[in-house]
Amino acid sequence: MSAATLVPARRLAGNLLSLGAGEVAAKLLSILAFTYLGRTLGPQAYGRMEFAMAALVFFHLPADLGLGLYGAREIARNRHEASNLMASISAIRLGLAVLSYAALLLFALTLRDDPQTQILLCTMGLSLFAAPGLLQWVFQGLDQMSWAAWAVTVRQGTFAVVALLLVRSREQLIWAAIAECAAAACTAVFCIWLARHSLGLRLSFRGLDISHLRHHLRTAAPIGFSEFAWALLWHLPTVILGFLTTGEALGWYGASHRCLTAIHSFVYLYFFNLIPSMARAAVPGGGLSQLLSRSLSVAAWCGLLAGLGGALLAGQFLSTLYGPRFAEGGRLLSILVWVIPVALVSGHFRYGLVACGLEKQLFRSTVIAAAGSIVFSVVLGYWFGAEGVAAALVLANGLHLLVPYLLFRHRLADVPVWRTLLWPVLAAGLAFSVYWMAVVSVGPWPAIALALSLFAAAGLWAQHRNLAELWHGVREAAAR
């Protein structure tokens, strides 16, 4: 491949900066909107909203079926096909949206005992019909990441504005669903306008070739199935809990899960930056095992620090964001937060499989973990309620660590994961012991500060060489 065909490093950095800025803006708007809704609606009504949004994921994904990622890839390969791909994929998405909404209406029949949630879900489901106009994937394929970032910001901003203006009490919960529909519609209009006026791309369904539509659908479907399996792992526990209870526990769990999702985005960003190094090292003699061992050591300490801090501060954190009525949800967040260290460890093997071209193995492991999530959530949720569902999500992510690790060790290389985890796990156990011994005599806040300080000091001592090299690399990059 010639140098002329490569995206300049400066553009890549600009794209990443644009996406990062858009992600930060969207996260802030999302936090503003959902914490306001939690405080205004209260745990029970807020739980209904989170249930509806979690259920809606399983109808949004079939309405896309991997076509966004597939379309971005195809446009990046051949920009001249952008107009045809935009029309074809948007047409397929419209047809899938109709089918998905019909399936949603059938699913809503199972909620006859809770008509408020039934109406809420059916109203939110109307946002499916905005799918043809959500053209962020076109901007992504054309390296216009700033436009994709703007689209994300427009969606979250519209949702926040409508929710803040119209939801004034728990009796006005339906306006949260209308806010979701308004956000999707405004984003679609914005994307269509931007594509037409900035790119000269007009969205039209005339002259479409059915055989081409079938080809796009067949090619994109495996990507969509992988995304659906991940959603089963991540979002189905919320839906299962919604069938087990409609009380305040559902709202506490929904708020805790939303906080976990926000924190988990940093896990994704870590591996987003690590996977190019993995891909370069995934050759004979490339040092992949050594790279993963060093990264795993740092990630284990950071992940356990997040888990330890989250477990000790969960109640205060939730009540600060969502109000005192959500303080009891702290015990759920203190369980869910352990997904973070598990995901930081498992990511080395999940993304390692991708870097080595073993995507099918990753898909199989995700399906196994998703099946575990279903079984764990039903059984533990039935016996222990929301705490059981929270534990089920942690266990399912543990399964998503174990299976990829075994596949990685069998197909590629053996990484000393258990030896690497031994010292940070022992340090976390010691920090917990210090907290429980100190809390009686000095109170919770000094005890938390002492426990976290001891663990952080142990981590700095254990990782001083890796951190020194990281700091040296940051200084070199800044100098360049």
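Is Arg331 buried, partly exposed or exposed, and what is its relative accessible area? In this predicted model, Arg331 is partly exposed, because its relative accessible area is 38%. Its partner in a salt bridge is Glu387, with the closest N and O atoms 2.3 Å apart. This pair links distant parts of the chain: Arg331 sits in helix H11 and Glu387 in helix H14 (residues 386-411), 56 residues apart. Glu387 also counts as partly exposed, at 25% relative accessibility. A network of salt bridges joins Glu328, Arg331 and Glu387.

The structure holds seven salt bridges. One of them pairs Asp114 with Arg48, the closest N and O atoms being 3.3 Å apart. Glu171 and Arg170 form another salt bridge, at 3.7 Å between the closest N and O atoms. Here Glu171 is exposed, at 59% relative accessibility. Arg170 is exposed too, at 54%.

Aromatic pairs number 17. Trp338 and Phe432 form a tilted pair, 6.2 Å centre to centre, with 40° between the planes. Trp338 belongs to the loop between helix H11 (330-336) and helix H12 (339-355), while Phe432 belongs to helix H15 (residues 417-442), 94 residues apart. Trp338 is partly exposed at 21% relative accessibility, and Phe432 is partly exposed at 24%. Tyr382 and Trp383 pair edge-to-face, at 5.7 Å and 85°. Both of these residues, Tyr382 and Trp383, are exposed. Phe51, Phe59, Phe107 and Phe243 make up one aromatic cluster. Arg258 lies over the face of Phe34, 3.7 Å from the ring centre.

Notes:
Residues are numbered from 1 along each chain as its sequence is written. This is a predicted model: local features need pLDDT of at least 70, side-chain atom pairs count only at pLDDT 80 or more; totals for chains, interfaces and linings use all residues. Side-chain values use heavy atoms; hydrogens and water are left out. Rings of Phe, Tyr and Trp (its six-membered ring) pair if their centres lie within 6.5 Å; planes under 30 degrees apart count as stacked, over 60 as edge-to-face and the rest as tilted. Helices (H or I, at least four residues) and strands (E, at least two) are DSSP runs, numbered from the N terminus. Buried means under 20% relative accessible area, exposed over 50%, partly exposed in between (1.4 Å probe, protein chains only). A charge sits over a ring if NZ of Lys or CZ of Arg is within 6 Å of the ring centre and within 35 degrees of the ring normal. A salt bridge is a side-chain nitrogen of Lys or Arg within 4 Å of a carboxyl oxygen of Asp or Glu.
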